[in-house]
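Please look over the model shown here and read the notes that follow.

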Amino acid sequence: MKFPEALENPIFKIIGRLADRSGVQAYVIGGFVRDYFLQRPCTDIDVVVAGSGIELAEKLAKALQTRVTVFKTFGTAMVQAGGMEIELVGARKESYRPDSRKPEVQAGSLEDDQLRRDFTINAMAFGLNADNFAVLVDPFGGMQDLDDLIIRTPCDPDTTFSDDPLRMIRAIRFATQLGFDIDPDTFDAIVRNRERIRIVSQERITTELNKIMRSPVPSMGWELLDQTGLLEWVFLKLSRLQGVERRGKHAHKDNFYHTLKVLDNVALESDNLWLRWAALLHDIAKPQTKAYDPKQGWTFHGHEVLGSKMVPAIFRELKLPLNEKMKYVQKLVFLHLRPIALVEETVTDSAVRRLLFDAGKDIEDLMLLCRADITSGIESKVRRYLRNFALVRDKMKQIEEKDRIRNFQPPVTGEMIMEHYHIPPCREVGMIKERIKEAILEGEIENDFQQAWQLMVKTGDAILNRTSLENQ
Ligand code: CTP
């Protein structure tokens, strides 16, 4: 079968002509072919050459008057052209991965190369030479598996996974991204080989975890990780959320499945990766804070505080960034109960102002997370929560319009206080500012310069008088 419309970009003809002239066969292979059939955009092109990939890359760079980057140890070369990244490699008999621990590989035919790739849907190729331009070469039934929505390894899955154990997580990642099933033999091999994941670097694992997290229904990936037994190896703390304990009439929810539901709820509304991580981690400290009270049943007091404290160690372990993204996740985990607490209590203006102040620019994300966290099975309870939740939202809107707390800037600054009292930076300046902020949050005064100035003078006189008395 021929698919010329897949290779409309003139670059493919150029590569084909150069290959013809050099007397080698060249194919575009892997993700590009798969994504063409899935109608997904793809700017990474992998070209496999029955011969030297580096030589063909050098000729291509010359023809396009661009540069080539050569990775000699791996026998690969990269050329950038027309917004595309083209990687050229010689066909191999051994494991495909360029970062495999034994990179000395034997040259092989196209079929050898296809056989050692991860999945049938990633092992299809289009010919580039004149005699087979755009012809699909698919010896392992990748097209069929695309039609049947199946992830399957081209050769014995134990071999595929021992060549590169990361592929076990990749199988789950592709299944999650594409909504495919994992073929039962492939699945069983993951279960058998799961422990081998420990030899894979955390960076490579986390790249796949983030792709799972960005998928339309990310819970699918975490459930598959759990069902294959990989979860314990890649994220033990998450697997510890599993289980339901009962005492008398009291049972708590299974926090693993609850967490996954919250994650999916968030994913429906937002593609913010870090909000999704916050959803995954919002209850992470529940096992450590769990207690039983004969009257109240199961409690998890302080799990939001402990959970937010656990975030840095988790980010370090998973090699996630230790920057403002982590701080954002910490903040959301820390605050995730606050909006719902407002719903349960009678909502006072000052409580709403404090929430706006603490959440700041992330208030919308926090509200989304909190709303996603309402997963009770009891319908009347959910309805009541959602109704009250809407009330909190309305109130928040009114108060924000009036008081502008969200991006709170002190109406009277430290400099103004120092200038007024002719004092240097000192503890008292902080105390005066804090008093003004508190008065605004409590609703004693409005977020307004005149009122804040009056309070500043009153407070400042009192505090500075007191301290000057103390100093005598
Ligand atoms: N590959 C493999 N084993 C791996 C990684 C990759 O066999 N552990 C092969 C697959 O044939 C894959 C190709 O290398 O299609 C390119 O890999 P990569 O760029 O990582 O992934 P893509 O398949 O392009 O998918 P995505 O862009 O979604 O990561």
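Start at Lys211: one of its polar side-chain atoms sits 2.8 Å from an oxygen atom of the ligand. This is a predicted model. On its own, the ligand has 560 Å² of accessible area, and the protein covers 84% of that. Two elements each give two or more residues to the shell: helix H2 (31-37) and helix H7 (166-178).

**Around the ligand**

The shell holds 15 residues. Those that come nearest are Arg34, Asp118, Asp164, Arg173 and Lys211. What classes make up the shell around the ligand? It has 10 charged residues, three polar ones and two nonpolar ones.

| Residue | Ligand atom | Distance |
|---|---|---|
| Arg117 | oxygen | 3.0 Å |
| Arg167 | nitrogen | 2.9 Å |
| Lys211 | oxygen | 2.8 Å |

For Arg167, a polar side-chain atom faces a nitrogen atom of the ligand.

**Helix H7**

Which element gives the most to the shell around the ligand? H7 does, with four residues. H7 is mostly covered, with 12 of its 13 residues buried. The buried set runs Leu166, Arg167, Met168, Ile169, Arg170, Ala171, Ile172, Arg173, Phe174, Ala175, Thr176 and Leu178. Two of these names have come up before.

Does the length of H7 agree or disagree with its residue count? At 1.5 Å a residue, its 13 residues should span 18 Å. The end C-alpha atoms are 18 Å apart, so the two values agree. Just after H7, Gly179 takes a positive phi of about 70 degrees.

**The sheet**

Seven strands form an open sheet with mixed pairing. Their order is S3-S4-S5-S2-S1-S6-S7. Strand S3 (68-71) and strand S7 (136-137) are the edges, and each pairs on one side only.

Take S5 next. Strand S5 covers residues 84-90 and is mostly covered, with five of its seven residues buried. Strand S2 (residues 44-50) runs parallel to S5, and six bridges join them. Within that pair, Val48 has Val89 in S5 as its bridge partner.

S5 also pairs with strand S4 (residues 76-81), in the antiparallel sense and over six bridges. Here Ala81 stands opposite Met84 in S5. S4 and S5 form a hairpin with two residues between the strands. In that hairpin, Gly82 takes a positive phi near 50 degrees.

Now the pair of S1 and S6. Strand S1 (residues 25-29) and strand S6 (residues 125-127) pair in the antiparallel sense, over three bridges. The bridge partner of Tyr27 is Gly127 in S6.

**Lys361**

Where does Lys361 lie? Its place is the loop between helix H19 (349-359) and helix H20 (363-372). Is Lys361 buried or exposed? Exposed means over 50% relative accessible area. Lys361 has 59%, so Lys361 is exposed. Lys361 and Met124 are 237 residues apart in sequence. In space, their C-alpha atoms are 47 Å apart.

Terms used. Residues numbered from 1 in each chain as written. Predicted model: local features only at pLDDT ≥ 70, side-chain atom pairs only at ≥ 80, totals over all residues. Heavy atoms only, no water. Near = heavy atom within 4 Å. Polar contact = N/O pair within 3.5 Å; in protein donor to acceptor, adjacent residues only side chain to side chain. Areas by Shrake-Rupley, 256 points an atom, 1.4 Å probe, with all protein chains shown as cover. Nonpolar A, V, L, I, M, F, W, Y, C, P; charged D, E, K, R; others polar. Expected span 1.5 Å × (residues − 1). Buried < 20%, exposed > 50% of the residue type's maximum accessible area, 1.4 Å probe, protein only. Pairing = 2+ DSSP bridges.
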